[in-house]
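Open the model in your viewer and keep the selection tool at hand. Each stop below says what to select and what is there.

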Amino acid sequence: MKRVTLVDVFKHRITQKYLQRSGINHAVTVAGYAFDMALKKGVDPDLATKSALLHDMGHYEWYRDGKWDYDEYRKSDIHAIKGAERAHKLLIRLGEDRLVAKEVSVAVLLHTDSYLPFGLEEKRTPLQHVVAKADEKDEQPMGLHHYKQMDKSEALKRLHELDLKIEKFLQDDDELA
Ligand SMILES: [Fe+2]
């Protein structure tokens, strides 16, 4: 089966719609961190980068009367739940393997525990851990990481570079098997 690439995922209209809200820069930067961390931790970089790219696609508008209201937003935030569902739907539409779609969706669901009545530290799988740590690495106070800018062409360039590295990794891995 042909691999669904990060570029395929990024170009889809569902991704374009939802990534605008949480920020393309943050999504692409976290995908880059996730690739490096995945290699170090022995995690599949294809799963890690897809989860990282899509981890915040459940964000919704947090403006109130045209003003940014982060505290208000956080009180009612369920973006990880929404994101998990959106990521799953998107990947299935792109023809992604069902097991991959599930793993990515659960990694999106568990990338934060801010909406849960308990913590997830020590409970995450290595994939889920990599995605949560990669996200943390790019976080800024008051959610400012969601406002960093990046052109679509720059995002596509970086994701294509990641795709090439992932494909090389998967090929080398296959040859060793
Ligand atoms: Fe994030």
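Start with Arg74, which counts as partly exposed because it has 13 C-beta neighbours inside 10 Å; the band for that label lies between the exposed limit of 12 or fewer and the buried limit of 20 or more. Keep in mind that this is a predicted model. Arg74 sits in helix 5, residues 70–75. Arg74 and Tyr115 are 41 residues apart in sequence, but their C-alpha atoms are 8.5 Å apart in space.

**The loop between helix 7 and helix 8**

Next, select Leu116, which lies in the loop between helix 7 and helix 8. Is Leu116 buried or exposed? Leu116 counts as exposed, because it has 10 C-beta neighbours inside 10 Å. Draw a distance from Leu116 to Leu19: their C-alpha atoms are separated by 23 Å, and the two residues are 97 apart along the chain.

Stay in the loop between helix 7 and helix 8 and select Glu122. Glu122 is exposed, because 6 other C-beta atoms lie within 10 Å. Check its backbone too: Glu122 is not a glycine, yet its phi is positive, at about 75 degrees.

**The core**

In soluble globular proteins, nonpolar side chains tend to be buried together. Here, the largest nonpolar core has 42 residues. Select Ala31, Ala34, Ala48, Val130 and Val131, the residues with the most contacts inside this core. Then colour the helices that each supply at least two residues of the core: helix 1 (6–11), helix 2 (13–22), helix 3 (24–41), helix 4 (45–54), helix 6 (79–93), helix 7 (98–109), helix 8 (126–138) and helix 9 (152–176). Which helix gives the largest share of this core? Helix 3 does, with 10 residues.

Zoom in on Val130. Leaving aside residues up to four places away in sequence, Val130 touches Ala34, Met37, Ala38, Lys41, Val43 and Ala48.

**Helix 4 and its partner helix 3**

Select helix 4. Of its 10 residues, 10 are buried; among them are Asp46, Thr49, Lys50 and Ser51. The buried residues of helix 4 pack against helix 1, helix 3, helix 6, helix 7, helix 8 and helix 9.

Two packed helices are described by the angle between their axes and the distance between the axes. Show helix 3 alongside helix 4: their axes come within 8 Å and cross at roughly 155 degrees. Helix 3 is therefore roughly antiparallel to helix 4, since angles over 145 degrees count as such. The crossing of these two helices is right-handed. To see the contact, select Ala27, Val30, Ala31, Ala34, Phe35, Ala38 and Leu39 in helix 3, together with Pro45, Ala48, Thr49, Ala52 and Leu53 in helix 4. By class, this contact has 11 nonpolar residues, 1 polar residue and no charged residues.

**Helix 3 and helix 9**

Helix 3 passes helix 9 in a left-handed crossing. On the helix 3 side, select Ile24, Val28, Ala31, Gly32 and Phe35; on the helix 9 side, select Lys152, Ala155, Arg158, Leu159, Leu162 and Lys165. This contact has 7 nonpolar residues, 1 polar residue and 3 charged residues.

Conventions
Residues numbered from 1 in each chain as written. Predicted model: local features only at pLDDT ≥ 70, side-chain atom pairs only at ≥ 80, totals over all residues. Core = buried A, V, L, I, M, F, W, Y, C linked by C-beta atoms within 7 Å. Helix = DSSP H or I, 4+ residues; strand = E, 2+ residues; numbered from the N terminus. Contact = placed C-beta atoms within 7 Å. Left-handed = near helix turned anticlockwise from the far one by under 90°. Nonpolar A, V, L, I, M, F, W, Y, C, P; charged D, E, K, R; others polar. Axes fitted to C-alpha atoms, helices over the stretch in contact; angles between N-to-C directions. Parallel < 35°, antiparallel > 145°, perpendicular 65-115°, else oblique.
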